[in-house]
Amino acid sequence: MMMYATPERVLISREEIAAKVKETAAMLAEKYRGKKPLVVCVLNGAAVFFADLIRGMDIPLEVATVAASSYGDATTSSGEVRVTKDIDVGIKGRHVLLVEDIVDSGRTMKALTEALAERGPASLAVCAFADKQSRRAVDFKPDYVCFEVPDLFIVGYGLDCAGLYRNLPDLRVIGDAK
Ligand code: PRP
């Protein structure tokens, strides 16, 4: 059986995550009530957050997915953004809410929102689970953020290290001494 060591330090517990995501979902439900938003999961990292967030939004909504890649398997951003899977429905005239796990350099969300804005959505906003503002390399600010996080290598709740640890229920830190 394959085994791997779980990163030890919990940065944000599953209980704290659940409370904050619930609160964010309720706030978004009020913002988007009556608008039937298209809530878009930015694969793969946002899948866990997205699943919790939409179940906390007690309004009619539709879902879609998009995939963009900026890191590959490295731990630092290459600066290149590729849309590897486009949204497969039209967004013209729709209220679009992109759901992202983390905004780091900001390149992925800047590139994606600029590309999608050209299709004429009624509104376009970004909800990020985590925001690592200290790493920002381009001018981008998510509209809604659950947690501002420090510049540490964090995994869990959808976030990976070379593809692993996305299934950890807490947000944990890799590679620090604590
Ligand atoms: C990660 C993360 C964001 C992006 C953030 O995606 O999910 O999409 O990097 O970095 P940036 O702000 O510097 O652009 P990744 O390419 O690792 O794909 P994943 O969602 O499949 O993990």
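Predicted model: local features only at pLDDT ≥ 70, side-chain atom pairs only at ≥ 80, totals over all residues.
Figure 1. Thr108 is part of helix 3, which spans residues 107-117. Beyond its neighbours within four places in sequence, Thr108 is in contact with Ala68, Ser70, Val81 and Glu100. Two of the residues in this view, Thr108 and Glu100, are also listed among the residues closest to the ligand.

**Figure 2. The ligand and the residues around it.** How many residues surround the ligand? The shell consists of 18 residues, and the closest are Glu100, Asp101, Ser105, Gly106 and Thr108. By type, the shell divides into five nonpolar, seven polar and six charged residues. Strand 3 (62-69), strand 5 (95-103) and helix 3 (107-117) are the elements that give two or more residues to this shell. Of the elements, strand 5 gives the most, with four residues.

**Figure 3. Asp170 in its loop.** Is Asp170 buried or exposed? Because its relative accessibility is 5%, Asp170 counts as buried. Asp170 is placed in the loop between strand 8 (153-155) and strand 9 (171-174). A polar atom of its side chain lies 2.6 Å from the backbone nitrogen of Arg14. When neighbours within four places in sequence are left aside, the contacts of Asp170 are Val10, Ile12, Ser13, Arg14, Ile17, Val155, Gly156 and Tyr157.

**Figure 4. The nonpolar cores.** The largest nonpolar core contains 31 residues, and Phe49, Leu53, Phe129 and Leu171 have the most contacts inside it. Which elements give two or more residues to this core? They are helix 1 (14-32), strand 2 (38-43), helix 2 (47-55), strand 5, strand 6 (123-131), strand 7 (144-148) and strand 9. Helix 1 gives the most, with six residues. Leu53 touches Val21, Thr24, Ala25, Leu28, Val99 and Cys127, when residues up to four places away in sequence are not counted.

**Figure 5. Pro121 and the segment it meets.** Pro121 is located in the loop between helix 3 and strand 6. With a relative accessibility of 16%, Pro121 counts as buried. How far apart in space are the C-alpha atoms of Pro121 and Gly93? They are 4.6 Å apart, although the two residues are 28 residues apart in sequence. Pro121 is in contact with Ile91, Lys92, Gly93, Arg94, Val96 and Leu116, leaving aside neighbours within four places in sequence.

**Figure 6. Backbone exceptions.** Most residues other than glycine have a negative phi, and most peptide bonds are trans. The peptide bond from Leu43 to Asn44 is cis, with omega near -5°. Asn44 lies in the loop between strand 2 and helix 2. Ala162 is not a glycine, yet its phi is positive, at about 50°. Tyr165, likewise not a glycine, has a positive phi of about 75°. Ala162 is found in the loop between strand 8 and strand 9, and the place of Tyr165 is in the loop between strand 8 and strand 9 as well. Ala162 counts as partly exposed because its relative accessibility is 48%, whereas Tyr165 is buried, with a relative accessible area of 13%.

Conventions:
Residues numbered from 1 in each chain as written. Heavy atoms only, no water. Near = heavy atom within 4 Å. Nonpolar A, V, L, I, M, F, W, Y, C, P; charged D, E, K, R; others polar. Buried < 20%, exposed > 50% of the residue type's maximum accessible area, 1.4 Å probe, protein only. Polar contact = N/O pair within 3.5 Å; in protein donor to acceptor, adjacent residues only side chain to side chain. Contact = heavy atoms within 4.5 Å. Core = buried A, V, L, I, M, F, W, Y, C linked by side-chain atoms within 4.5 Å.
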